[in-house]
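Hi,

Here is the structure I said I would pass on.

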Amino acid sequence: MLSSTRTTRRAAARTLQATAGVAAVALALTACGGSGEAPAEGSSEDDSPITLKVATFNDFGYTDEMLASYTEEHPNVTVEQVKAATSDDARTNLTTKLAAGGEGLADVEAIEVDWLPELAQYPDLFTDLADPELEGRWVDWKVQQATTPDGKLIGYGTDIGPEAICYRADLFEKAGLPTDREEVAELLGGEDATWEDYFAVGRDFVAESDAAWYDSSAGIFQGMISQLPAAFEDPESGEPTDLADNTDVKAIYDEITGSIDDDLSGGLEQWSEDWTAAFQADAFATMLCPSWMTGPIEGNSGGVEGWDVADVFPGGGGNWGGSFLTVPASGENTEAAKELAAWLTAPEQQTSAFEAAGTFPSQVEAQASEAVQTFTNPFFNDAPVGEIFSTRAQAIEGAPYKGAHYFAIRDEVTNALNRVDITKSQDAEESWAEAVEKASALG
Amino acid sequence: MAVLTDRRSAPESGAPQRESRRLGFSQRLGRWDVKLSPYLYISPFFILFAVTGLFPLGYTAFVSLHEWSLLGGQGEFVGLQNFTDVLNQPTFWKSLVNTLSIFVLSSVPQVIVAVTIAALLDQNLRSATFWRMGVLIPYVVAPVAVSMIFGRLFADQYGLINSLLTLIGLDPIAWHGDRLASHVAIASIVNYRWVGYNALIFLAAMQAVPRELYEAAVIDGAGRVRQFFSITVPQIRSTVIFVVITSTIGGLQIFDEVRMYDATGLGGADKNWMTTVLYLYDVAWGNQHSLGRASAVAWMLFLLIVVIGFVNFLVTRQISSSGMASKKSRRKSATTSMSRGNA
């Protein structure tokens with residue numbers, strides 16, 4: 001017993017020496033090799049071996065090969081990816097650990113755009129990632145989303161969700177509407193499509209079909225509200241606008257409840273069991289369709305043929321979702337982590353992420369790349385989705401202002417729509433009054 | 001051995017006074033042993049309870065008196081502001097009513113069905129162990145998995161239950177639209193999970209009932225039903241109280257089932273099935289990000305559970321006291337005779 005432990009200990013010591021030797025040699029070699037071609041190398045403080053953790057959720061398209069190639073360029077850095085199953089899990093993990101002083105956080109933490117209003121209130125928790133060299137890498141509004149009021153950049157953009165209209169060509173045909181994606185785009189108003197056009201075509205459609213025009217009124221609301229520059233709050237003060245006097249939002253609300261009265265809505269809550277089942281039941285003909293929604297549509301519509309994507313979106317461009325990489329300030333290697341985050345969000349990496357996971361890149365150069373432009377989706381009748389979503393991304397004019405109260409108030413209005421659309425427990429005016437009351441009680 | 005020799009050698013070499021002092025010390029030790037060690041033996045529980053129970057309770061009270069956001073941490077002292085904020089939110093009151101309704105709909109049938117199943121299992125069944133283990137299976141399934149399966153069954157438009165209802169010519173039920181229907185659906189998820197577990201506890205209690213009582217009852221001509229109400233129920237009274245109290249505490253803290261009942265998991269558009277614990281979660285981690293208010297909710301829920309627990313303790317005592325009347329008087333006479341004997 002004793003002797004054996006002694007030998008293993010001695011053996012361990014020997015391997016340790018050996019690895020240290022190899023590492024030293026390797027470091028020396030790379031120091032020589034690296035100086036010429038990788039100028040980024042020197043920016044981390046020293047070359048002692050470090051491990052950087054990257055926490056993501058769902059699928060960011062960061063493959064093991066991609067992370068290994070970072071180690072090839074930076075031999076002292078090992079990159080580990082921690083994947084959470086859902087963004088909700090990741091959010092709870094991030095906020096809880098930030099609240100506990102940052103203990104246990106990864107060096108690079110992925111966040112969703114919807115968490116930003118909350119996180120931007122505490123910019124000190126994150127490293128400022130602003131870097132003059134990276135200017136112009138992303139579409140402008142993506143950078144604007146992650147910039148705090150005092151000018152700090154807390155996240156590097158990964159993907160975005162430019163919205164188009166996905167539609168069921170087979171249901172269109174039965175209702176006597178055109179089916180070709182360019183004709184459909186024209187039918188819905190083409191370049192200057194408006195929501196009025198969209199609902200008007202919908203009224204024609206439901207007159208000829210058993211199916212509804214769109215799946216969920218809350219989904220439509222999400223699309224329309226994102227086109228208001230400042231939906232619920234005053235961008236100057238950050239104070240919420242009184243919902244009772246918010247005529248812009250009320251106008252959108254009235255337009256949608258009007259379309260519910262005309263049976264345009266499928267009365268489904270997105271992501272619910274009924275919604276998932278409705279894809280199989282031919283329950284609705286169109287959907288607002290951010291680039292990432294093509295995945296769920298395909299997943300839910302096994303055996304259903306006829307989905308297609310039209311290069312059009314009512315009321316100008318629209319974006320739904322998208323993520324960022326942040327570097328929590330509490331990390332030990334923030335400089336190295338910043339470098340890694342910049343590398344991961346570079347056009348090349350984001351293009352391969354798009355190929356691996358379909359996350360549509362927010363980088364101007366990546367959007368124009370061959371891989372994105374020539375990408376087609378066989379499920380959507382071989383639609384050139386790469387090209388379509390690039391055009392849709394260019395139609396987006398800016399990011400709406402979302403302050404600390406945005407989601408609380410938006411959820412009250414969404415609930416109000418659901419009361420009219422799904423549970424049918426209240427009429428439109430009654431439900432609006434309740435939303436106004438609840439929004440004011442949020443305080 | 002070593003200790004013994006040491007002890008023996010020490011007094012030999014040392015002075016006699018030292019020996020007496022040593023004796024005094026060991027006597028003192030002995031006295032401490034008698035007085036303190038019982039407390040030491042039971043202390044692990046109390047230390048653990050203080051760390052995991054009492055401290056969080058006190059700290060929650062501390063947090064509830066402050067402005068305290070999830071990320072920003074401790075803010076100003078605001079007194080009872082958080083409590084009044086919460087009391088002013090209509091959703092809080094709605095969540096209380098929902099909680100009580102789901103609790104009644106789940107606990108009451110649960111206890112009744114569990115007792116019935118236990119009574120059936122207590123009979124001489126063939127392959128009794130199979131049946132007894134069978135009722136426990138739902139308890140083994142993770143609550144989230146149960147909720148997802150039931151979510152499919154209770155879907156409004158394409159759910160299995162509504163499909164069956166329309167098949168036999170009935171109107172489909174709006175499981176996510178109608179308030180009472182949603183409570184029934186959630187209560188059935190809870191019941192599915194806990195009935196078997198409670199049935200086994202009742203069964204264990206029933207097995208401990210002396211068989212002579214039943215034999216005597218049979219001789220007196222009592223049928224099965226009469227035996228059940230006159231012997232079984234009074235005999236398992238203390239177990240009933242235990243199950244009622246634990247299911248009350250559990251019933252007032254329902255979370256998993258309602259969280260998984262729909263896609264958003266926040267009680268639906270009308271907050272029709274938002275329970276108080278779910279509301280607490282939403283206040284802290286949802287859009288309000290206020291740990292202060294959430295702590296206030298937690299304290300109010302705690303007080304509510306204490307009150308309800310006390311009430312149903314009294315009620316269950318009352319219910320079974322009819323069967324206990326004879327016993328009580330017997331006990332009373334026993335104590336009086338004892339005191340007489342003492343005098």
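Start at A:L188: leaving out residues up to four places away in sequence, it touches A:I165, A:A193, A:D197, A:Y198, A:V201, A:A310, A:V312 and A:P314. "Touching", or contact, here is C-beta atoms, placed from the backbone, within 7 Å of each other. Before you read on, note that this is a predicted model, where local features need pLDDT of at least 70 and side-chain atom pairs count only at pLDDT 80 or more, while totals for chains, interfaces and linings use all residues. Residues are numbered from 1 along each chain as its sequence is written, and chains are lettered from A and ligands numbered from 1 in the order in which they are written.

A:L188 also turns up in the largest nonpolar core, which has 112 residues; A:A164, A:I165, A:L188 and A:A341 touch the most other members. A nonpolar core is a set of buried Ala, Val, Leu, Ile, Met, Phe, Trp, Tyr and Cys residues joined through C-beta atoms within 7 Å. Buried means 20 or more other C-beta atoms within 10 Å of a residue's own, again placed from the backbone. Both domain 1 and domain 2 of chain A give this core at least three residues each. Another core, of 55 residues, lies apart from it and includes B:W68, B:V135, B:I189 and B:M274.

About those domains: domain 1 of chain A is 38-160 + 322-370, and domain 2 is 161-320 + 390-442, with bounds from an automatic or database domain assignment. Their centres, taken over C-alpha atoms, are 31 Å apart. Domain 1 puts 14 residues into the contact between them and domain 2 puts in 16. On the domain 1 side, helix 5 of chain A has the largest share, three residues. Helices (H or I, at least four residues) and strands (E, at least two) are DSSP runs, numbered from the N terminus. Chain A has 19 helices and eight strands, and 44% of its 443 residues are buried.

Now for where the chains meet. Chain B contributes 26 residues and chain A 28. Helix 3 (81-88) and helix 7 (143-153) of chain B each supply at least two residues of the chain B side.

Cheers

Note on methods
Contact = placed C-beta atoms within 7 Å. Buried ≥ 20, exposed ≤ 12 C-beta atoms within 10 Å, placed from the backbone.
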